[in-house]
Amino acid sequence: MIKGEDTFKKIIAHCKEYGFIFPSSEIYDGMSAVYDYGQNGAELKNNIKEYWWKSMVQYHENIVGLDSAIFMHPTVWKASGHVDAFNDPLIDNKDSKKRYRADVLIEDHLAKLEEKIEKEVEKASKRFGDSFDEKMFRETNPRVLANREKIQSVTRRFVSALEENRLADIKTLIEELEIACPVSGSRNWTDARQFNLMFSTQMGSVSEDASQVYLRPETAQGIFVNYLNVQKTGRMKLPFGIAQIGKAFRNEIVARQFIFRMREFEQMEMQFFVRPGQEKEWYDYWKKERMRWHLALGFPAGKFRFHDHDKLAHYANAAADIEFEFPFGFKELEGIHSRTDYDLMAHQKFSGKKLQYFDPETNESYVPYVVETSIGLDRMFLAIVSQAYTEEKLEDGSERVVMRIPPALAPVKVAVLPLIKKDGMPEKGREIFDQLKYDFNCHYEEKDAIGRRYRRQDAIGTPYCITIDHETLENGTVTIRERDSMAQDRIPAEKIPDVVRQRISLRPAGNVQV
Ligand code: ATP
């Protein structure tokens, strides 16, 4: 097993053991690709939402929030193109009866070729040492060149087959590349066919009158259909944005990798409405801005990269992903899309209502263009716990697992721990806890040796532990222990709120710069 997979299994187990994430309906053996967030997971999720909401809505004068319903008029999905084009190509292996996304099988194959190139470069770099000229090697080594050429030619065929919906060609490509089913090892494939990812259900109590409705596959459409309501009632002027956090549902063909790809998940989306012709400028702006948001959490820059799309969705004229290096490799975390006026024009056509904006500066009416930023809340959660999970060997030879969650996002900010359960320490501890609980999510714990209590707090990522000891009773000072360094300072008890607030603040002078 490769190291990443090993770590990933440990992270999943840790998330369960410490109340971050449980499989849904576990007593009934769970449900594929549906998960529940436990006591610490719910806190972390709320904190991520707050971090996103504040940096979008509160810190930008021209962005406001919205909370639209999950159910929408069925024609919304006809207009948006989801009824006709929100499909993934699926293919079944006849021997294992396992179902795959045909495009993912090919993408995985391409990723393996990329890996081969990187291995070749790594080997050569070790062989040649300091005199290694990587650029030259990449440009001249015959094996690297052959694989590069193969990647390019497969990508060309793959992209055009997808764009033109030539599913037979996709199957041929899978056969030619000799892609085998990871379960059965056979290359005995069915034909590829399109599968619509929207969940549908019936609305209404009488079956004859009931109409088919969909569970929204993205939150964006709730923003589009409300954009004029918000613009008029909020007296918004272009450019302006509308942000929304909410559930989305997709009947994913292959749901895998824990909470990376689920059938019920949450999105944090922002649609930014701009004057036509200015979308490129705003697209570049939001690409930069969103990367800055990620980096402000203090994770290494090397963990993130942009991936510009070759194949654009039917609504976009430019699109890029921010990819994060999960334990299973670099994968999409967030999408930034220049969606043109596609959606608003379509809603105008299907609804028969004008969706134009009157621009007081130019005295013209027009349908705005839209630049969207769309991030999966659950994927962000996974990125954070993957990056935070650390196994450490300590100086005394013992080991600890510490979740280095950015303090501003940590589920519990402060643990209040009386050193021993007597001499008035629990009473003093309770007194401090009762003051702090109005400002921060706190834990109070008096059971077990102090070292074990520290470990438990490390494992859920609590940035600060306050310990009440004999000195507290004498002079009113406590120790404050920092999670990552384990360093302890002594401070007066009444200073705790200020010290903690300053250290976990989202303000630029604090730990996180938004
Ligand atoms: P993918 O290519 O991984 O299927 P996508 O390109 O279809 O994703 P978008 O439609 O751009 O995704 O959705 C925006 C964001 O929503 C994604 O960047 C991702 O973070 C999140 N997301 C999409 N599908 C899922 C899912 N099934 N489970 C969890 N998060 C998801």
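**A β-sheet and a ligand site in a predicted model**

Strands β22 and β23 form a hairpin with five residues between them, and Met486 in the turn has a positive phi of about 65 degrees. Strands here are DSSP runs of E with at least two residues, helices are runs of H or I with at least four residues, and both are numbered from the N terminus. The model is a predicted one, in which local features need pLDDT of at least 70 and side-chain atom pairs count only at pLDDT 80 or more, while totals for chains, interfaces and linings use all residues. Residues are numbered from 1 along each chain as its sequence is written, and side-chain values rest on heavy atoms, with hydrogens and water left out.

Strand β22 (residues 477–482) is largely enclosed by the rest of the structure, because five of its six residues are buried. Buried denotes a relative accessible area under 20%, exposed over 50%, and partly exposed in between, with a 1.4 Å probe and protein chains only. Strand β22 is also joined to β21 (residues 464–468), by four bridges in an antiparallel arrangement, and there Thr467 has Thr479 of β22 as its bridge partner.

These strands belong to an open sheet of five strands with the order β20-β19-β21-β22-β23 and mixed pairing. β20 (442–444) and β23 (488–492) stand at the edges with a single partner strand each, so one side of each is left without a neighbour in the sheet. From one strand to the next, the twist averages 25 degrees; the axes are lines fitted to C-alpha atoms, and angles run from 0 to 180 degrees between N-to-C directions. β19 (residues 414–418) and β20 run parallel and are joined by three bridges, with Ala415 opposite His443 in β20.

The loop between β20 and α14 (450–460) contains Asp448. Asp448 is not a glycine, yet its phi is positive, at about 80 degrees; the residue is partly exposed, with a relative accessible area of 28%. Asp29 likewise has a positive phi, near 75 degrees, and is found in the loop between β1 (21–23) and β2 (35–37). Asp29 is exposed, with a relative accessible area of 75%. Another backbone feature is the cis peptide bond from Leu238 to Pro239, with omega near -5 degrees. Pro239 lies in the loop between α9 (220–233) and β9 (240–249).

The ligand has 16 residues around it, of which Glu252, Arg261, Met262, Glu332 and Leu333 come nearest; a residue is counted as near if one of its heavy atoms lies within 4 Å. By class, this shell has four nonpolar, five polar and seven charged residues. Asp, Glu, Lys and Arg count as charged; Ala, Val, Leu, Ile, Met, Phe, Trp, Tyr, Cys and Pro as nonpolar; and the others, Gly among them, as polar. β10 (264–274), β13 (329–340) and β16 (369–376) each supply at least two residues of the shell, and β13 gives the most, with five.

Polar contacts are pairs of N or O atoms within 3.5 Å. A ligand nitrogen is 2.8 Å from an N or O atom in the side chain of Glu252. A ligand oxygen lies 2.7 Å from a polar side-chain atom of Arg261, and the side chain of Arg379 has an N or O atom 3.0 Å from an oxygen atom of the ligand. Taken alone the ligand exposes 590 Å², of which the protein buries 86%, with areas from the Shrake-Rupley method and a 1.4 Å probe.

How values were computed: A polar contact is a pair of N or O atoms within 3.5 Å; within protein, one must be able to donate a hydrogen and the other to accept it, and residues adjacent in sequence count only if both atoms are side-chain atoms. Two strands pair if DSSP finds at least two bridges between them.
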